[in-house]
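The sequence and the structure come first.

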Amino acid sequence: MASVAVAEPSLSPVSEALVPACMFAPERGCGDDPAGSEHCDDGETLNGKLGDHLDFTSKRALISPSGEQFDSLLKQLRERMEEGCGETIYVVGVGSDGGDYGLDEVDMQASVATVLSLSEQICADMVLLRDRPEAGGRVRDYLVRRRVGEADFLEVRVAVVGNVDAGKSTLLGVLTHGELDNGRGFARQKLFRHKHEMESGRTSSVGNDILGFDQRGAVVNLPDGHGGSLDWTKICERSAKVITFIDLAGHEKYLKTTVFGMTGHLPDFCMLMVGSNAGIVGMTKEHLGLALALNVPVFVVVTKIDMCPANILQETLKLLHRLLKSPGCRKIPVLVQNSDDVIVTASNFSSERMCPIFQISNVTGENMDLLKMFLNLLSPRTSFSDEEPAEFQIDDTYSVPGVGTVVSGTTLRGLIRLNDVLLLGPDPLGNFHPIAVKSIHRKRMPVKEVRGGQTASFSLKKIKRSSIRKGMVMVSPRLNPQASWEFEAEILVLHHPTTISPRYQAMVHCGSIRQTATILSMNRDCLRTGDKASVHFRFIKTPEYLHRDQRLVFREGRTKAVGTIVALLQSANTSPSNSKPQQIKMQPSKKSHAPSARREEGPGSGGGASTEDTPTTQLGSARPASPETNTAAPKSGGGGRRRGGQRHKAKSLSSTTTAPPAGGGMN
């Protein structure tokens, strides 16, 4: 006899109310409390609807249910699987009706059989996470995960941030390649993308690495024996769930790249790395503040515990607790020391209040299994509907020999299939152009469709790479997209040395958009550190495709501000000044192509010999084809004379010497 107690991340009010009492030192009984209480909340709701059929608050709910009761349990499980994007944690043996936790062996077998048949109905697998004794018998936690085909898998994105030399790339090398580090940078060498990164040991670009888990939660990453590289296609085929690590730069001079990785790659979670021997230094607080500003749940990994003295480690942990509890963070730090802690923290992590802290060593591998178990239990934060119009944001472009132009990015919503025609834009004038999707890859594996929340690469037909930039989108024609020059945002200034006033310019990061914008006006005279205001921005180069309620980061030098877009004010199609940037761009190209323009006019004006002649010769022999040619010829000739100097004189002399034979030929 058991009750259903599924710990779901989205129930934040319940988690916030219950977590503080016991999360600092979770014990067996305490660890069940959040799950059980959550069950109570759910039980009341469901009892309100189905109270006559089944009492969900009882721990005996799963023993020999009738057909109607089975259908009610199945409906509840389906709802939970949808909320958890294909997986959830099922606790058997915990009730919220005031009775003791636990079931005897016979009742436990009957309850597990019921849960197993429920899982089979929705094509899911059950994995036992833990089995623990309680006052009334045994309690078991099961991970229920939906089965996926070879060409599909659950995807969770984790951004890896922290100060330089905190061990970010080394940890990812150990996790993804399954080999421990030698203490001298052996593990990180496999992840670097550039030669200067290998020489300096510092990441300067946004790296991507994957860690695959099968249905049972075992790691499937097996490096190739020749060279140690990973075959992403084989990993994805064998995986039910893939964790994508977004490896970001820790050095201050690469902050621009780190901000782009956090906004453009849309991570579900953020892994903050802290070196135990160095403590909380440098960019650690900057990166933590960035994750908090973007509302990304954070968990902390303290590295290098094998080489750190015990007193320094305790000092670092104490500072970390103080920082996480501070008014700016308001997190609940939890030191993870065993698998029970992992299950409790993973179940309640998405409430955004809880912050698990792991202590690991990349050299000895200490506590690495706890971190892998935690990553396996993480589920995506948002679910998406396939019925919504498709939208895909571009965060990188490539030109692949034999394939053509390839764009990579994240599907924000909807469903995109092979050969779909989407609108690509905005271009510098704010227009969108139809484009066909030639092929789709997910993690280097060819697929036929991608859904909301998944990263993918598209091969596009008949378009040059130079005409695509980061920040552009591919959207369904149903959306009728409009690009905006101007927008209004509510911003909070995190830091500024002096004051911000109108006409101030800074870089705006919004999704994969990264462009300088000018402040046209605001509802205050000036802004200082800590001020909030409604600000009117205008992009200086090209219009962008924006949404209301989109988060933005606003930075320039040491100035940092965060905010939310509240209104889009001027669309590019109705902007009277939307052609100004284009005119500025085209002026040099007109000058550079002036000689070719004169050459084209030459045959129409009576022969190629007089094309580089003096203005008088051109005017004497030119046929007045149109007013435009008449006005263009003196301008181009004058331009050539001003630029050419002695060269032009020499050319004119040579043209006069050859003129009589040409004239004779014409006569």
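The buried residues of helix H12 are Met368, Leu370, Leu371, Phe374, Leu375, Asn376 and Leu377. With 7 of its 10 residues buried, H12 is mostly covered. The coordinates are those of a predicted model.

The largest nonpolar core has 37 residues, and those with the most contacts inside it are Leu171, Phe245, Met271, Phe299, Val301, Phe358 and Leu375. Helix H12, which spans residues 368-377, supplies the largest share of this core, 6 residues. Another core lies apart from it and has 35 residues, among them Ile246, Val302, Leu313 and Cys355.

Methionine 373 is also in helix H12. Leaving aside neighbours within four places in sequence, methionine 373 is in contact with Ser339, Val342 and Ile343. Between methionine 373 and alanine 218 there are 155 residues of separation in sequence, but the C-alpha to C-alpha distance is 8.9 Å.

## Phenylalanine 358 and its aromatic partners

What does phenylalanine 358 touch, not counting residues up to four places away in sequence? The list is Phe299, Val300, Val301, Val302, Val336, Val342, Leu370, Leu371 and Phe374. Phenylalanine 358 has a relative accessible area of 1%, so it counts as buried, the limit being under 20%. Phenylalanine 299 is buried as well, because its relative accessibility is 0%.

A search of the whole structure finds 12 aromatic pairs. One of them joins phenylalanine 299 and phenylalanine 358 in an edge-to-face arrangement, with 6.3 Å from centre to centre and 80° between the planes. This pair links distant parts of the chain: phenylalanine 299 is in strand S8 (residues 298-303) and phenylalanine 358 is in strand S10 (residues 354-359), 59 residues apart. Both belong to one aromatic cluster, made up of Phe269, Phe299, Phe349, Phe358 and Phe374.

Rolling a probe the size of a water molecule over the atoms shows where empty space is left. The largest pocket has a volume of about 1,400 Å³. Its lining consists of 44 residues, of which Thr382, Phe384, Leu412, Gly452 and Gly453 lie nearest the centre. The elements that give two or more residues to this lining are helix H3 (67-83), strand S4 (154-162), helix H8 (255-264) and strand S12 (404-413). The largest share, 4 residues, comes from S12. Sorted by class, the lining has 13 nonpolar, 15 polar and 16 charged residues.

Serine 408 is found in strand S12. Is serine 408 buried or exposed? Its relative accessible area is 11%, and it is therefore buried. Beyond its neighbours within four places in sequence, serine 408 is in contact with Phe392, Gln393, Ile394, Asp395, Asp396, Tyr398, Ala456 and Ser457.

## Backbone exceptions in loops

Most residues other than glycine have a negative phi, and most peptide bonds are trans. Aspartate 165 has a positive phi of about 70° although it is not a glycine. Aspartate 165 sits in the loop between S4 and helix H5 (168-177). With a relative accessible area of 51%, aspartate 165 is exposed, because the limit for that class is over 50%. Leucine 266, also not a glycine, has a positive phi of about 50°. Its place is in the loop between H8 and strand S7 (269-275), and at 29% relative accessibility leucine 266 counts as partly exposed.

A cis peptide bond joins glycine 425 and proline 426, with omega about -5°. Proline 426 lies in the loop between S14 and S15. Asparagine 431 lies in the loop between strand S14 (421-425) and strand S15 (433-442). Asparagine 431 is partly exposed, with a relative accessible area of 31%. Asparagine 431 and alanine 483 are 52 residues apart in sequence, and their C-alpha atoms are 7.4 Å apart in space.

## The chain overall

The secondary structure of the protein chain comes to 18 helices and 25 strands. Of the 667 residues in the chain, 53% are buried. Among contacts with a separation of 6 or more, residues 24 or more positions apart account for 71%.

Terms used. Residues are numbered from 1 along each chain as its sequence is written. This is a predicted model: local features need pLDDT of at least 70, side-chain atom pairs count only at pLDDT 80 or more; totals for chains, interfaces and linings use all residues. Side-chain values use heavy atoms; hydrogens and water are left out. A nonpolar core is a set of buried Ala, Val, Leu, Ile, Met, Phe, Trp, Tyr and Cys residues joined through side-chain atoms within 4.5 Å. Buried means under 20% relative accessible area, exposed over 50%, partly exposed in between (1.4 Å probe, protein chains only). Contact means heavy atoms within 4.5 Å. On a 1 Å grid over the protein atoms alone, a cavity is a set of points where a 1.4 Å probe fits but cannot get out, and a pocket is an open set with protein on both sides within 12 Å along at least five of seven lines; lining residues have an atom within 4 Å of a point. Grid points are joined across faces, edges and corners, and a volume is the space filled by probe spheres set on the points. Ala, Val, Leu, Ile, Met, Phe, Trp, Tyr, Cys and Pro count as nonpolar, Asp, Glu, Lys and Arg as charged, and the others, Gly among them, as polar. Rings of Phe, Tyr and Trp (its six-membered ring) pair if their centres lie within 6.5 Å; planes under 30 degrees apart count as stacked, over 60 as edge-to-face and the rest as tilted.
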